[in-house]
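Please examine the sequence and the three-dimensional model before reading on.

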Amino acid sequence: MISPCLRSLIFYAILCGVMVLSLTACSSDSTSPEACTDEPRVLNVGFYAFFTPVSYSADEDSDSEGFNSHAGYEADLLTALEAMKDTGLSFSRRGIAPWDDIWLQSAGSEYDIVGGGITILDSRRRDATGKQVVQFTSGHIAFRQSLLVRTEDSERLAAYADLTSDVRVGVLAGTTGEFRLLELVGLVGPDGVLSHGVQVDTPHGTVVADGSQDYVITSANESANLAGRSLMRPPSDNMPQVVYLGSETGETDLLEALADGTIDAVARGEIGNRDAVHASGGSLAIGALDDEVEYGGFTLALEDEALASCLDDKISYLTDSLSIGYAEWLQDPSVFMRRARIWNGRERG
C-alpha cells in the first residue's frame, strides 16, 4: 500500500511534469512547420523577360511599368507558392533583359531568387573564377532542344545531320540551345572547345579556332575572344553557319529573322519552339528534335540553404513531384493555384 505522503509526492511530480511540458510548448518556436521563414519575408525575384511562354514580361519595353509584370509558367508557379498558407513568403518581381550570366545575379544583394527557364548545370553555379556562388532549386520543368523552321523546310531539316554549310541557324549566345546545337553538329566538343578551323566574327574581327582551350563556348562560359560573336562559319560542308541574334531583345529577333528568311532555323528549347509553332498559324514547324532531356530551376545565393530546401518542398507539392509540368499547365493554367487551394484547405496539426 502506498502511503499518503508518497501519494502526495507522486501527485506533485506528475503536476510539475505537466507544467514543464506546458511551459516548453509555450516557449517553443510558434512558427508553422510549413513556414519557409521565422518571420514573413518578401523575396526579390529577378526573371528573364523574353522566354515566352515559360517566363516573360507583360510588356517587352524595359522602360514600361508592365516590364516587371511577370507572366508564363514560372510566374504562375510562384504565384501559387505565394498563395499557400503559412509559408511566410511573398515575391517582389522585376524583369531582367540581358541573358548573360543571369543565373549568377542571385549571388548579389539585388535578387534573392532568379528564374527564367534556366537549365540546371553545375557550371552555372560558379562564377568566372570557378568558385560556387549560387545554388539551384530542384528542377520544376523539363526541356528538350529543337529546331524551329519554316513549315516548307520541316522535311529538309528534320535531323541535325541535315544541317550543312548553306543552312543558317539562329541562336541566343550563352544558352543551352546554342551549346547543344554546336555539340550536336560537331562545332564544339563535349568540353566546349571549338573545332579546328571554325571562324567566328566578333566586334574585334574574325578569329579562327585552333582546337585549343583558347576558344571555348559552353552553356555558362565563353573565352573572352569570343564575346559579342555575331556569326560562326564551319570548317567543313557538313556543319551549319550559326547566326547570333537577340542580345538586346531576347528571342524576338530570332523569330523575326526566321520569318523574313534571314535565317533557316532557330535552335532553342522545344517548349518555346512549340509555342511559336502554335502562334504562327501553320507557317512554322518543329524540325530536328534532341533526345536529351534537361531540367530548369531557380537560383539562390549559396548560403540560403534553408530557403532552397523549403522552396523545393513547396514546388514538389505544387508540381505533384514533377507529374504536373508544362503540358499540364498549358492545358490548364490554373493547375498550380488549384493545388495551392487544396493545400490551404487541408487539416494540418
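## Basis of the report

This is a predicted model, in which local features need pLDDT of at least 70 and side-chain atom pairs count only at pLDDT 80 or more, while totals for chains, interfaces and linings use all residues. Residues are numbered from 1 along each chain as its sequence is written, and side-chain values use heavy atoms, with hydrogens and water left out.

## The chain as a whole

The protein chain has eight helices and 15 strands. Helices (H or I, at least four residues) and strands (E, at least two) are DSSP runs, numbered from the N terminus. Of its 349 residues, 47% count as buried; buried means under 20% relative accessible area, exposed over 50%, and partly exposed in between, with a 1.4 Å probe and protein chains only.

The accessible surface of the protein chain is about 16,700 Å², and 52% of that belongs to carbon and sulfur atoms. Such areas come from the Shrake-Rupley method with a 1.4 Å probe, and for residues only the protein chains shown count as cover. Contact means heavy atoms within 4.5 Å. Among contacts between residues at least 6 apart in sequence, 66% join residues at least 24 apart.

## Helix α2 and its two partners

Helix α2 (residues 73–83) packs with helix α6 (residues 305–318) at an angle of about 110 degrees, and their axes are 10 Å apart. Therefore α2 is roughly perpendicular to α6. Axes are lines fitted to C-alpha atoms, for helices over the stretch in contact, and angles run from 0 to 180 degrees between N-to-C directions. Angles under 35 degrees count as roughly parallel, over 145 as roughly antiparallel, 65 to 115 as roughly perpendicular, and the rest as oblique. From α2, the contact is made by L77, A80 and L81, and from α6 by L311, K314, I315 and L318. By class, this contact of α2 with α6 has six nonpolar, no polar and one charged residues. Here Ala, Val, Leu, Ile, Met, Phe, Trp, Tyr, Cys and Pro count as nonpolar, Asp, Glu, Lys and Arg as charged, and the others, Gly among them, as polar.

The axes of α2 and helix α8 (residues 335–345) come within 8 Å and cross at roughly 10 degrees, which means that α2 is roughly parallel to α8. Y73, D76, L77, T79, A80 and A83 of α2 meet F336, M337, A340 and N344 of α8. The residues of the contact of α2 with α8 comprise seven nonpolar, two polar and one charged.

## R93 in strand β5

R93 lies in strand β5 (residues 89–96). Is R93 buried or exposed? R93 counts as buried because its relative accessibility is 16%. Leaving aside neighbours within four places in sequence, the contacts of R93 are V45, F47, N68, H70, A75, L78, T79 and E82.

A polar contact of 2.8 Å joins the side chains of R93 and T79. The term stands for a pair of N or O atoms within 3.5 Å; within protein, one must be able to donate a hydrogen and the other to accept it, and residues adjacent in sequence count only if both atoms are side-chain atoms. The side chain of R93 also reaches the backbone oxygen of A75, at 3.2 Å.

With 1% relative accessibility, V200 counts as buried. V200 and S230 are 30 residues apart in sequence, yet 7.5 Å apart in space, C-alpha to C-alpha. Beyond four places in sequence, V200 is in contact with residues including L194, G205, L231 and M232.

T202 counts as buried at 11% relative accessibility. Not counting residues up to four places away, T202 touches V207, N225, L226, A227, G228 and R229. A polar atom of the T202 side chain lies 2.7 Å from the backbone oxygen of G205.

## Helix α5

In helix α5 (residues 270–279), which residues are buried? They are E270, I271, G272, N273 and A276. These buried residues pack against several elements, among them β8 (141–150), β14 (265–269) and β15 (284–301). N273, at 0% relative accessibility, counts as buried, and its contacts beyond four places in sequence are S146, L147, L148, V266, R268 and I286. Just after α5, G281 takes a positive phi of about 70 degrees.
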